[in-house]
Amino acid sequence: ITIMKSVLFVAILFPLSVSFGQVELDAITRALSQGDAASLSRYFDQRVEVSILDESDVYAKDQAAAVLKRFFSANRPSSFSTVHKGTSSNNNSRYCIGNLVAGRQTFRVYIYLKSAGGKQVIQELRFDKE
């Protein structure tokens, strides 16, 4: 009976954990498409690597939000479309690759998330020219 309870517990909780991760990823991609650095920063890890074209550094949450706010001011986003997303089973991390249309340019965006404190947080955010 204990084994059955454990199997049932996992069967119920696993889909919930996947859906919570999806909700966070949906909120992150929505914030990207709207150029909302403040909303995006809610999902940052304590320190986050931000790479914009050839400029890359590891920032505290506030600094990363300021860097993105400047980027979004210079490149006003109009849409974000997901190209690929997946998970890594060995360390419970997720990733999403997409295209951000901003101004007259399209940027390929890479989002790497890890599990921390029961939620998915952005560990790395990278913007490359498409």
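Which strand is the place of S51? Select S51 and you land in strand 1, which covers residues 44-52. Strands here are DSSP runs of E with at least two residues, helices are runs of H or I with at least four, and both are numbered from the N terminus.

Before you move on, know what you have open: this is a predicted model, where local features need pLDDT of at least 70, side-chain atom pairs count only at pLDDT 80 or more, and totals for chains, interfaces and linings use all residues. Residues are numbered from 1 along each chain as its sequence is written, and side-chain values use heavy atoms, leaving out hydrogens and water.

**Stop 1: the whole chain**

Zoom out and show the cartoon. The protein chain has three helices and six strands, and along the sequence they follow the pattern α-α-β-β-α-β-β-β-β.

Now think about contacts, meaning heavy atoms within 4.5 Å. Among contacts with a separation of 6 or more, 45% are between residues 24 or more positions apart.

**Stop 2**

**Stop 2: strand 1 and its partners**

Go back to strand 1. On one hand, five bridges join strand 1 to strand 6 (residues 119-129), and the two run parallel. Find I52 and you'll see F127 of strand 6 opposite. On the other hand, six bridges join strand 1 to strand 2 (residues 55-60), and this pair runs antiparallel. Here V48 stands opposite Y59.

Strand 1 and strand 2 form a hairpin with two residues between the strands, and L53 takes a positive phi near 55° there.

Is S51 buried or exposed? S51 is buried, with a relative accessible area of 7%. Beyond its neighbours within four places in sequence, S51 is in contact with S56, L125, R126 and F127.

**Stop 3: the aromatic rings**

Show the side chains of F71, F72, F107 and F127, which form one aromatic cluster. A pair of aromatic rings is described by the distance of the centres and the angle of the planes. Rings of Phe, Tyr and Trp (its six-membered ring) pair if their centres lie within 6.5 Å; planes under 30 degrees apart are stacked, over 60 edge-to-face, and the rest tilted.

How many aromatic pairs does a search of the whole structure find? There are four. In one of them, the rings of F71 and F72 have centres 5.7 Å apart and planes at 55°, so the pair is tilted. For F71 and F107, the centres are 5.2 Å apart and the planes at 75°, so that pair is edge-to-face. F71 lies in helix 3 (residues 61-74) and F107 in strand 5 (residues 105-116), so the pair ties together parts 36 residues apart in sequence.

Color by burial if your viewer can: F71 is buried at 6% relative accessibility, and F107 is buried too, at 1%.

Next, select R126 and Y110. The charged end of R126 sits over the ring of Y110, 4.0 Å from its centre (the rule is NZ of Lys or CZ of Arg within 6 Å of the ring centre and within 35 degrees of the ring normal).

**Stop 4: F80 in strand 3**

Finish with F80, in strand 3 (residues 77-88). F80 counts as buried because its relative accessibility is 14%. Leaving aside neighbours within four places in sequence, its contacts include T29, L32, C96 and V109.

Definitions and conventions. Buried means under 20% relative accessible area, exposed over 50%, partly exposed in between (1.4 Å probe, protein chains only). Two strands pair if DSSP finds at least two bridges between them.
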